[in-house]
Amino acid sequence: MTVLVIGGSGFLGTELIRQAATAGHATAATFATRPGTASHAAWYPLDLRDPGRVEAVMAEVGANLVVNASSGDADWAVTAQGPVRLAMAAAKYGSRLVHVSSDAVFSGARVHYDESCLPDPVTPYGAAKAAAETGILLVHPQAVVARTSLIIGDGDSEHERLVHELAAGTRDGALFTDDIRCPVHVADLAAALLELACGDAAGVHHLAGPDAVSRHELGILVARHDGLDASQLPTGLRAHSTLPGALDVRLDSRATQRNLRTTLRGAHQFCTTPA
């Protein structure tokens, strides 16, 4: 079986490649600017804005499974339109497709969101991700759209690096006490995505941890896990900042979790094991 990871040089993409290769799958991956460090993947440059290139990569790789872990931030052409092009190509070549989406598709108005909740984004990024979801399922109804939250993992995530820099006093900023999400460990997320890809699931699924924590609370957990002085972490309120976006978004992943062998651990669990 051949697995193609779109955005393989990213944080999640790197873990997807590792797990797919470990499971014995022939693995290919794409990159936007430079290939990742995984030597057990065949690397292909890919700009999701280029329909011809999307078609060429899909034709050359001949993947049975495609996992889209790419991120184009708020760039509409990359984040909204690109995944739909990919879904059209996956449908044409008969490939399973799992697209990684985000809790940014929600406004936070209702706080708790299960798979039945309709997107109501409040940022350009969230709007692009929501548009991609709709387009993907329209052109490839058998695809999986997997929404997730903050991704953490053994010191390599953006949030963990921020905690280390704030604790060391090498970076300005604060960890918000009113910005609440349901973090997931990158290893759990990658395993769950590959499990969905290898099964017959379709439609929208939520893959987030069961613990709802603020960014500051998560920072404390990371600091304690990594032996840092948590008292050095500055706090603030996102509501008092100029940053756009929802405050409190809690993905309810229980429906998806019931059908998975992979356990999506909460932040309190995966941050208690010493590094």
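**The largest cavity and its neighbours in the list**

Tutor: Ile152, Asp154, Glu160, His185, Val222, His225, Asp226, Phe270 and Cys271 line the largest cavity. This is a predicted model, in which local features need pLDDT of at least 70 and side-chain atom pairs count only at pLDDT 80 or more, while totals for chains, interfaces and linings use all residues. Residues are numbered from 1 along each chain as its sequence is written, and side-chain values use heavy atoms, with hydrogens and water left out.

What is a cavity? On a 1 Å grid over the protein atoms alone, a cavity is a set of points where a 1.4 Å probe fits but cannot get out. Lining residues have an atom within 4 Å of a point. Grid points are joined across faces, edges and corners, and a volume is the space filled by probe spheres set on the points.

The largest cavity holds about 60 Å³ of space. Its lining has four nonpolar, two polar and three charged residues. Here Ala, Val, Leu, Ile, Met, Phe, Trp, Tyr, Cys and Pro count as nonpolar, Asp, Glu, Lys and Arg as charged, and the others, Gly among them, as polar.

How many cavities of 30 Å³ or more are there? The count comes to two. The second largest cavity holds about 50 Å³. Asn68, Ser70, Ser71, Gly72, Val78, Thr79, Pro83, His99 and Lys129 line this second cavity. Helix H3 (residues 76-93) gives the largest share of that lining, three residues. Helices (H or I, at least four residues) and strands (E, at least two) are DSSP runs, numbered from the N terminus. By class, the lining of the second largest cavity has two nonpolar, six polar and one charged.

Now turn to an open space. A pocket is an open set with protein on both sides within 12 Å along at least five of seven lines. The second largest pocket has about 210 Å³ of space. It is lined by 13 residues, and the closest to its centre are Gly209, Pro210, Leu251, Asp252 and Ser253. Strand E15 (250-251) and helix H8 (254-257) are the elements that each give two or more residues to this lining. The lining of the second largest pocket divides into six nonpolar, four polar and three charged residues.
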